[in-house]
Amino acid sequence: MTTPTLGVGILGAGPVTQAIHLPTLARLTDVFHVVRVMDVDPAVAESVAARVGASWTTSVEELLADEDVQIVVICSPHQFHAEQVIAACRAGKKAVLCEKPFAMSKAQAEEIATVAAETRTPIIVGAMHTFDPGWLAAKQHWGDLLTEAHTIRYSIVLPPNPRFEDFATEVVTRPQWPAADRNDPEVAAGMIYGGIMGLAIHDLPLVRAFCPDFTDVEVLSCELPYPAGYLVNLRVGEKDVQVSAVNSQSWEPEWTFEAIGDDSALRIDFSPSYVQAGSATAVIRRGPESEVYGPYASNGYEGEWRFLADLARGSAEPLDVTELIHDLTFALEVAEKSAATVREATAAAHEKVMA
Amino acid sequence: MTARLSVFAAADADAADRIGQAVAALPVSLHPGDDGADLVGIAGDPGWVAAATAAIDRGARGVLVVDPAPEDVRTLRERRVPVVLDGRWTYNPAVLDSRPAFAARNDEESLVEARVDVPVGADLERVLLSQLALVRTAVAPVERLTFDRWNAHGYDARGTLASGARVALAAILTDALEPAASLRIIRAQDAVRLTVPDAATARPGEVIVSSAEGATLLVTKWESAHRVAWRTLHALVTSGETADDLLGFEQDLDVLRSARGASSAA
């Protein structure tokens with residue numbers, strides 16, 4: 001007897017849905033089928049739904065009311081995440097996958113936690129690297145490094161998203177970003193905040209894993225590189241942390257996470273976003289000896305979806321929502337303090353020019 | 001015909017960089033000598049300026065200093081005798097080869113990132129001077145520097161170049177990783193990445209130049225930085241030229257002292 005596949009409903013059908021989730025679900029047809037796709041743009045909703053033989057709608061309520069939708073994935077703009085997670089929980093769905101960040105404030109996150117507990121709906125956040133087999137293998141083997149590491153480095157050289165989206169699928173309708181004056185303190189601060197909450201947030205849970213005193217965050221410096229990104233030096237408890245990203249056309253994308261102690265060190269090289277290019281490669285070094293884990297055939301996207309299936313079927317323990325709240329509040333604190341630093345520096349530079 | 005010069009290495013300098021191996025790898029140009037040899041190798045421990053001056057007084061025509069500590073070098077510079085400062089990374093052949101690629105991309109919208117991994121217990125001021133020499137040689141001198149941290153695990157600092165390019169310097173103290181330096185310049189449209197191993201190994205440094213058109217690995221040269229440093233000193237002495245190393249060191253030391261003074265004051 002074959003197990004029936006789980007019905008998926010998708011809120012928001014932009015590039016993330018098109019280039020990440022649908023290609024991942026195409027690898028998991030024995031587990032999932034897409035039931036309904038919602039987007040505020042009816043042409044996008046219809047086009048994306050047609051790719052997978054699903055029905056479409058422009059209404060969140062209509063999608064949530066569909067009893068064939070057992071799992072909801074939320075890929076809408078950030079500001080809608082919290083209310084849609086709550087609505088999905090209240091609609092009695094079996095599990096919810098929300099793209100990061102799953103809320104934009106601690107209060108929203110706590111409200112989600114309350115509703116999730118009340119409805120007993122398992123929730124996961126689409127921080128794909130936390131499900132990457134390379135990261136999971138490193139966790140199993142890093143031994144004392146978790147406490148020994150004194151330095152954490154998280155670095156991204158980000159190629160234009162369309163380059164990798166176009167390797168993954170054929171995207172219809174991309175969001176357009178208006179040009180902005182980065183000499184304006186609010187614009188500069190907004191770029192930093194958006195960079196942390198939109199990009200750095202992917203692996204801030206990994207950073208937090210190595211920072212037991214994650215509520216003790218000091219931004220030592222923050223700069224806004226050209227054309228966009230962030231360069232943040234942090235003290236988190238007793239750990240020296242650097243979080244950086246630069247957007248570049250360079251044909252050498254980089255996405256690395258390092259935790260370094262006196263006697264052991266971990267480096268993880270993640271494969272680029274969007275493409276189904278296998279897992280990260282984790283290297284644990286202890287002096288002249290290295291242990292290498294991966295690359296494995298599947299990546300974190302597939303990992304998070306398989307875990308979601310296990311949650312929906314009751315064969316996996318739900319994640320502790322408190323941990324998700326901690327991840328979010330850590331990211332918010334880094335983002336807010338970094339943005340404030342850049343706002344102040346940009347304003348000071350502006351005043352200097354005016355004088 | 002190549003002039004063959006004698007080399008005398010103080011015992012501590014030999015231990016520091018295995019001068020004997022470099023001399024043995026240049027058998028037509030160099031041969032071991034004794035005190036009073038044409039070329040003298042000394043360790044860059046405190047007092048090295050006095051040791052170099054004394055060597056010159058004894059007739060040395062050129063001096064090589066391994067991993068120099070911060071010291072005033074003005075009087076030594078005025079002797080106008082070639083002095084090569086064999087820092088931890090500067091003389092790796094990949095560094096010289098990277099210069100045109102870095103120079104072409106050194107502008108106010110560039111971000112220069114430099115990181116060194118060094119053994120636990122390393123002298124951070126000497127490490128920083130070696131790192132500043134690396135940035136100066138490959139890209140341009142660092143003009144201003146501010147420390148975000150300076151502690152038992154290393155440092156993080158930010159600075160600028162004359163072009164307006166922003167610089168981020170880091171040192172990480174660890175015995176888990178091989179000693180190495182990396183330096184990269186990133187811009188919106190392209191990047192250059194240089195990686196340099198320890199000075200004693202002949203394993204090559206790498207220079208990768210990348211843009212939207214692809215990434216190119218420049219020629220790899222399997223020559224240790226120490227050997228290049230000795231080859232450079234030989235060439236300077238036989239051609240009658242002087243080196244710029246002391247002048248650059250003096251500038252770097254000003255940057256270090258200014259930044260450290262500011263950090264201490266804060």
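Contact means heavy atoms within 4.5 Å. In the predicted model, the buried residues of H8(A) make such contacts with helix H1 (15-26) of chain A, against which they pack. The buried positions in H8(A) are A:Arg163, A:Phe164 and A:Glu165. The phi angle of A:Thr173 is near 60°, a positive value in a residue other than glycine.

Chain A as a whole comprises 12 helices and 14 strands. Its radius of gyration is 20 Å, close to the 20 Å that the globule rule gives for 355 residues, so chain A is as compact as a globular protein of that length. Along the principal axes, the C-alpha atoms of chain A fill a box of roughly 65 × 55 × 40 Å. Of the 355 residues of the chain, 56% count as buried. Among contacts in chain A with a separation of 6 or more, 69% join residues 24 or more positions apart.

Backbone geometry was examined next. Most residues other than glycine have a negative phi, and most peptide bonds are trans. A:Arg120 has a phi near 55°, which is positive although the residue is not glycine. A:Arg120 is placed in the loop between H5 and strand S6 (123-125) of chain A. With a relative accessible area of 75%, A:Arg120 is exposed, the threshold for that class being over 50%.

Cis peptide bonds occur in loops of chain A as well. One is the bond from A:Lys100 to A:Pro101, with omega near -10°. A:Pro101 belongs to the loop that links strand S5 (95-98) to helix H5 (106-119). Another is the bond from A:Tyr226 to A:Pro227, again with omega near -10°. A:Pro227 lies in the loop between strand S8 (217-223) and strand S9 (229-236) of chain A.

The cysteines were then considered. A disulfide is a covalent bond between the sulfur atoms of two cysteines. A search of the whole structure finds 0 disulfides over all chains. The cut-off for a disulfide is a pair of cysteine sulfur atoms within 2.5 Å. For A:Cys75, the closest cysteine sulfur belongs to A:Cys98 and is 8.2 Å away, too far for a bond. A:Cys75 counts as buried, at 15% relative accessibility. For A:Cys211, the closest cysteine sulfur is that of A:Cys222, at 17 Å, which is also too far for a bond. A:Cys211 is buried, and its relative accessible area is 1%. Both relative areas fall in the buried class because that class means under 20%.

Rolling a probe the size of a water molecule over the atoms shows where empty space is left. The structure holds 2 cavities of 30 Å³ or more. The largest cavity has a volume of about 60 Å³. Its lining consists of A:Met128, A:His129, A:Asp132, A:Phe270, A:Ser271, A:Pro272, A:Ser273, A:Asn299, A:Gly300 and A:Tyr301. By class, the lining of the largest cavity divides into 4 nonpolar, 5 polar and 1 charged residues.

The second largest cavity contains about 40 Å³ of space. Chain A contributes A:Thr151, A:Arg153 and A:Asp240 to its lining. Chain B contributes B:Arg149, B:His153, B:Gly154, B:Tyr155, B:Asp156, B:Ala171 and B:Ile172. The elements that give two or more residues to this lining are strand S7 (151-158) of chain A together with strand S8 (154-161) and strand S9 (166-173) of chain B. S8(B) gives the most, with 3 residues. The lining of the second largest cavity comprises 3 nonpolar, 3 polar and 4 charged residues.

A position in chain B was also located. B:Thr75 is found in helix H4 (residues 74-77) of chain B. At 46% relative accessibility, B:Thr75 counts as partly exposed. B:Thr75 and B:Ala170 are 95 residues apart along the chain, and 31 Å separates their C-alpha atoms.

How values were computed. Residues numbered from 1 in each chain as written. Chains lettered and ligands numbered in written order. Predicted model: local features only at pLDDT ≥ 70, side-chain atom pairs only at ≥ 80, totals over all residues. Heavy atoms only, no water. Buried < 20%, exposed > 50% of the residue type's maximum accessible area, 1.4 Å probe, protein only. 1 Å grid on protein atoms, 1.4 Å probe; cavity = no way out; pocket = protein on both sides within 12 Å on 5 of 7 lines; lining within 4 Å. Points joined across faces, edges and corners; volume = space filled by probe spheres on them. Nonpolar A, V, L, I, M, F, W, Y, C, P; charged D, E, K, R; others polar. Helix = DSSP H or I, 4+ residues; strand = E, 2+ residues; numbered from the N terminus. Rg over C-alpha atoms; globule rule 2.2 N^0.38 Å.
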